[in-house]
Amino acid sequence: MSAAKTKPKPGKPPRPRGPKSAAGRVASANAAAPKQARARSAKPKRSAAAVAKAASSARVALGRKVPDFKVPGTGGRSVALKDASGSTLVLYFYPRDNTPGCTLEGRQFAALAPQFAESGVTLYGVSRDSLASHERFRAQHGLTFDLLSDADERLCRLFDVIREKNMYGRKVLGVERSTFLIDGAGVLRREWRRVKVEGHAQEVLEAARAL
C-alpha cells in the first residue's frame, strides 16, 4: 500500500527579500534619527563659564610664571622670554607710535634707561605698530631701548591689554596703557594698568630695584 502524500499546511506566503522600497528607507532613517540625536546630545558641551575659565588661564597672573613668547623687535632681532632668563624684564604696552602720550612715555623711559640697565633690568616697549614704524619712532625721539611689534596681538592678548575705547564717538578696540614687571624666574611680580604717564617710569624703576 503506498504511503499517503502529506499536503502542505496553508499559511502566509514567504515575505519577498530584496532591496527596500523608497518608503522603507525613509521609515528606517526616521527611526534612526532619534538615536543619532541622542548620541549627539550625549556629548559633553563646554559651558560659557568653562570657556571663560580656559581663556583666562591663558593670560598672565600675578605670582605666576608668564608663558614663553617670541616677538619681532627693532634692530632685526626677535625677543623671547626665555632669552631673558635670570634678569628682570619690564614690558610696557602703549597704544601707538608718535602720539603725544606715547611719545612722552617713551622719552621718560629713555631718560631712565641707563638706570634700568645698571639695575639689571631689560626694558621693552610694545605696541601693535609695524617694525618700520617702530624704527622711525626710535630714531626720531632717541629711544635707546628696543620696541616690539605685536601686529597679530598675541602678546597683547596674553597680557590682556586690549580694551574697548571710545574714539570720536565710535567704539574701537585698542591697547590700554599698561606695564608689567617680570623677575628672573619668569614670574610676574607687578603690573600697572590704565597707566598715567607722568612719573610712571620712575615708579617702575623703583619697583624693579626692590625685587
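This is a predicted model: local features need pLDDT of at least 70, side-chain atom pairs count only at pLDDT 80 or more; totals for chains, interfaces and linings use all residues.

Q: Let's start with E4. How many of the residues of E4 are buried?
A: 6 of the 7 residues of E4 are buried, so the strand is largely enclosed by the rest of the structure.

Q: How many bridges join E3 to E4?
A: There are 6 bridges between E3 and E4, and the two strands run parallel.

Q: What does the chain go through from E3 to E4?
A: It passes through H3, in a β-α-β crossover that is right-handed.

Q: And how many bridges join E4 to E5?
A: E4 and E5 are joined by 4 bridges and run parallel. Gly125 has Leu147 in E5 as its bridge partner. The chain gets from E4 to E5 through helix H4, residues 131–141, and this β-α-β crossover is right-handed.

Q: Staying in E5, is Asp146 buried or exposed?
A: Asp146 belongs to strand E5, residues 146–149. Its relative accessible area is 15%, so it counts as buried, the cut-off being under 20%.

Q: Which side chain makes a polar contact with the side chain of Asp146?
A: That of Thr74, at 2.7 Å.

Q: What else does Asp146 touch?
A: Leaving out residues up to four places away in sequence, Asp146 touches Thr74, Gly75, Arg77, Leu123, Tyr124, Gly125 and Arg138.

Q: New topic: H6. Which residues of H6 are buried?
A: Helix H6 covers residues 200–209, and its buried residues are His200, Ala201, Val204, Leu205, Ala207 and Ala208. Viewed down the axis of H6, they fall within an arc of 165 degrees, so they line one face of the helix.

Q: What covers the buried residues of H6?
A: The cover includes strands E3 (88–93), E4 (121–127), E8 (178–182) and E9 (188–193), plus helix H3 (100–118).

Q: Now the backbone. What is phi of Asn98?
A: Phi of Asn98 is near 65 degrees, a positive value in a residue other than glycine. Most residues other than glycine have a negative phi. Asn98 sits in the loop between E3 and H3. At 38% relative accessibility, Asn98 is partly exposed.

Q: And what is phi of Glu153?
A: Glu153 also has a positive phi, near 65 degrees.

Q: Where is Glu153, and is it buried or exposed?
A: Glu153 lies in the loop between E5 and helix H5 (154–158). Glu153 is buried, with a relative accessible area of 16%.

Note on methods. Residues are numbered from 1 along each chain as its sequence is written. Side-chain values use heavy atoms; hydrogens and water are left out. Buried means under 20% relative accessible area, exposed over 50%, partly exposed in between (1.4 Å probe, protein chains only). The arc is that of the directions from the helix axis to the C-beta atoms. Contact means heavy atoms within 4.5 Å. A polar contact is a pair of N or O atoms within 3.5 Å; within protein, one must be able to donate a hydrogen and the other to accept it, and residues adjacent in sequence count only if both atoms are side-chain atoms. Two strands pair if DSSP finds at least two bridges between them. A crossover is right-handed if, with the strands pointing away from the viewer, the path from the first strand over the helix to the second runs clockwise.
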